[in-house]
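Visitor: Hi, could you walk me through this one? I'd like to start with a helix and then get to the chain contacts.

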Amino acid sequence: MLHKLKKLGDESANMVIESLAEMTAMDVIMEVSAVNMTEIEQIPATVGITDDAMIGLYVRFTGDLPGSVLILISIPSAQRLADIMLAGMGDEPAEGEVLSEMQQSAVEEIGNIITSSFIDIWANTFETGLTQTPPAFVCDFVPSILDAALARASDGGDFAVVFNSAIRITDEDIDCHILVLPDPDKMQIMFDNLE
Amino acid sequence: MPEIVKVAMADLKVSREPTVLITIGLGSCIGVALYDPVVKVGGLAHIMLPASRHAGGSDGSNPMKYADTGIEMTLAKMIELDAVKRRITAKIAGGAHMFSNMKEGATFLKIGDNNAAAVKEKLAQEKIKLLAEDTGNDYGRTVELHTKDGSYVIKTIANGSKVI
């Protein structure tokens, strides 16, 4: 089962890479793609990135197989991604902000693209319709962002399957972590289909 | 330098002076800091959800995750270190709406509020006085409970630090 989940994770991550490469016209590589079935409170340790501030994009997908996507991007990476997306047309962030409004919208668009790449593959694999919410944008301590996303998941059960990918755009030194977390109480369709 | 004791998500630790109990990056979770000023014993619980009855009833569920069972366990462990229940007071922080711009069902947005309410209810039930709180809003908090004096330091990325 874990092997099949891993294959699904790889396929989805490849789709993300294709979409991002198309959008940025740069080399995108996947550094890690792992699937774990774990106690929810152990997930921060498996993500294993900084305790400092990062940009977080949280997206919910709904349908027969609902869940959450959490994208974590370092602040400099988000700024560079926004600049690439805006082709140098972006404005400067206001005093005390890390991104301008336009830059933030550009980064949110990345969240949309990453999420839709994942859920396209999932909707095909499980022959079901999935729709996504607009991304919620935060810039805060990584553990605080994880904490809120995981508390939501934890309400539905103690264990979760988590798809964990790290993606890098080599030319620009951009890195980005993607966590996909099907709702623990609604995973049966996934297991049934992968039998 | 006092020893630093880290508390993970859905975890709790108790210790005597001189130590600093730390939990990094609370979001919608609550950091419940309990303290007995006479023996200088502190306890810090990182509470994730309101009550163990929400756990889907599985017996294997981690009791440290919930307001009711987490607070009970912290009190019991402090009493093992010679704390006396009627002297123990509480300070709480966290319970933020991290994804405040999320257009989704109200239940999700309310996890932080529900956690704060459940923690307060449990403290009242245990007759533990709540001395101070810093809850709600939309930002993360890193907290430190100093067992030398019971001070509770709250640090944020963009909203400064404070001691309650």
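**Helix, sheet and interface**

Guide: In this predicted model, helix α1 (residues 67-80) of chain B lies across β2, β4 and β5 (41-47) of chain B, running at about 160° to β5(B). Helices (H or I, at least four residues) and strands (E, at least two) are DSSP runs, numbered from the N terminus. Axes are lines fitted to C-alpha atoms, for helices over the stretch in contact (heavy atoms within 4.5 Å), and angles run from 0 to 180 degrees between N-to-C directions.

Visitor: In what order do the strands of the open sheet in chain B come?

Guide: The order is β2-β5-β4-β6-β7, five strands with mixed pairing; two strands pair if DSSP finds at least two bridges between them. The edge strands are β2 (12-16) and β7 (129-135) of chain B.

Visitor: And how do β4 and β6 of chain B run, parallel or antiparallel?

Guide: They run antiparallel, with six bridges between β4(B) and β6(B). Val32(B), for instance, has Ile92(B) as its bridge partner.

Visitor: Switching topic: how many residues of chain B are in contact with chain A?

Guide: 34 residues of chain B, against 30 of chain A.

Visitor: How many salt bridges cross that interface?

Guide: Two, taking a side-chain nitrogen of Lys or Arg within 4 Å of a carboxyl oxygen of Asp or Glu. One joins Glu41(A) and Lys65(B), with the closest N and O atoms 3.7 Å apart.

Technical notes
Residues numbered from 1 in each chain as written. Chains lettered and ligands numbered in written order. Predicted model: local features only at pLDDT ≥ 70, side-chain atom pairs only at ≥ 80, totals over all residues. Heavy atoms only, no water.
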